[in-house]
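Biologist: Could you put the model up and go through a few residues with me? I would like to start with the annotated ones.

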Amino acid sequence: MASFEVIGGKPLKGEIVPQGAKNEALQILCAVLLTDEPVTISNIPDIRDVNRLIELLRDMGVKVGKLAGDTYRFQADDVHLDYLDTPEFVAQAGALRGSVMILGPMLARFGKCQLPKPGGDKIGRRPMDTHFLGLEKLGGKLTLEGTDFYRISTEGRLRGAYMLLDEASVTGTANIVMGAVLAEGTTTIYNAACEPYLQQLCKMLVRMGAKINGIGSNLLTIEGVERLGGTEHRMLPDMIEIGSFIGLAAMTGSEITIKDCQIPELGLIPDTFRKLGIQLEFRGDDIYVPAQDHYEIATYLDGSILTISDHTWPGLTPDLLSVLLVVATQAKGTVLIHQKMFESRLFFVDKLIDMGAQIILCDPHRATVIGLDKRTRLHGITMTSPDIRAGVALLIAALSAEGRSVIENVEQIDRGYQNIDKRLTALGAQIRRL
């Protein structure tokens, strides 16, 4: 296991460009399976989870050509269906949660797919019911072998259907959409996820020849077509990384400009940081964060304590709550962080408490943070990254802390953040990979 050695307490300065969006990449890459024509995708992040998915597609028979540092051309004109029966496929797919995104495209185009229970962060229950229930409504027949291996197949083409999702799952909606675009007839998906990543997928599929109405809303209507063609697609910058850099600037008292942010796609993220007292300035499509010695948490109009919680889009993404919690530890004031979607994501706060933060973990979903107003600095400790988002939050805490910190298991951070140590070192951070 690799580790980061961090010497904290030093303000940073400079410009940084966010990587392409990881959560978009996992959907967009699997969509290449829907056509036998070339698909060119740019702004692909060079991170572990995405690289593993590209490797999986290549081993399935997809032709993969790297055109530039972040640009690839894919062509799925000779997919090896028998590879799905090999131990190698089971090992690859089982280690990568993003592998679930092959279900819809494979079922729609080839009439079958199989998958071991995917891995990923241990952040609580992450059921796959929405994926399978939606594909079953389209005509897929699901067989469960044991407790962790799924087979799904169909006789002939999938058939359009009306469905009301009980959960607005982003990946579940994406799988259903990718199945429906090649289905016979009309599919209506109500309570569909409408995150920018899902919108990007739908826009890409439309350029490939799909017929999708309602993009950006929670009601999608899809007229199935017989085949899709190739296209070119550029991915959005990663909103979670943009939020992480805003939090880093605030915690370390740094002056940082975040370049090319696609600000209209960030939703509530900028205003949520402003509620913590962080100053932001939009300069074209860049976000300028000035150095601040202090920032103060807002209250509600009646003076009561602010609550920050996650919600399905256009609500606040749950992936940023770990960073927001860390940022609040050095603010003036008190905030309740309510993580609604995952019951294990707040379990990293014990490490922040060991660093000197004042946090009350109320239950698995809620934590009250009493800000130190930078009068008492966090101090460095040795800790372990439990998941991608908590890992980068702990890295931000370490960079703001006095003294030396060691963060173990940084492979977790590498799964979601591209060369994060080198990029932050360019801003003046003292990070060494051990």
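Biologist: Where is Met 341 placed?

Modeller: In this predicted model, Met 341 is in the loop between strand 18 (334-338) and helix 11 (349-354). UniProt lists Met 341 under "binding site" in an unreviewed entry, along with Arg 97 and Asp 319.

Biologist: Is Met 341 buried or partly exposed?

Modeller: Met 341 is partly exposed, because its relative accessible area is 33%, between the 20% and 50% cut-offs.

Biologist: And what is Met 341 in contact with, leaving aside neighbours within four places in sequence?

Modeller: Asp 310, His 311, Thr 312 and Pro 318.

Biologist: Where does Asp 319 sit, then?

Modeller: Asp 319 is in the loop between strand 17 (306-309) and helix 10 (321-328). Asp 319 is buried, with a relative accessible area of 12%. Leaving aside neighbours within four places in sequence, its contacts are Asn 23, Ile 240, Arg 345 and Arg 389.

Biologist: New topic. How many salt bridges does the count come to?

Modeller: The count is 20. One of them joins Glu 5 and Arg 432, with the closest N and O atoms 3.0 Å apart. Glu 5 lies in strand 1 and Arg 432 in strand 23, so this pair ties together parts that are 427 residues apart in sequence.

Biologist: Which residues are linked with Glu 5 in a network of salt bridges?

Modeller: Arg 404 and Arg 432. Glu 5 counts as buried at 14% relative accessibility, while Arg 432 counts as partly exposed at 47%.

Biologist: What does Arg 433 form a salt bridge with?

Modeller: Asp 414, again with the closest N and O atoms 3.0 Å apart. Arg 433 is in strand 23 and Asp 414 in helix 13, 19 residues apart.

Methods
Residues numbered from 1 in each chain as written. Predicted model: local features only at pLDDT ≥ 70, side-chain atom pairs only at ≥ 80, totals over all residues. Heavy atoms only, no water. UniProt positions renumbered as here; feature names shortened; annotations may be inferred. Helix = DSSP H or I, 4+ residues; strand = E, 2+ residues; numbered from the N terminus. Buried < 20%, exposed > 50% of the residue type's maximum accessible area, 1.4 Å probe, protein only. Contact = heavy atoms within 4.5 Å. Salt bridge = Lys/Arg side-chain N within 4 Å of Asp/Glu carboxyl O.
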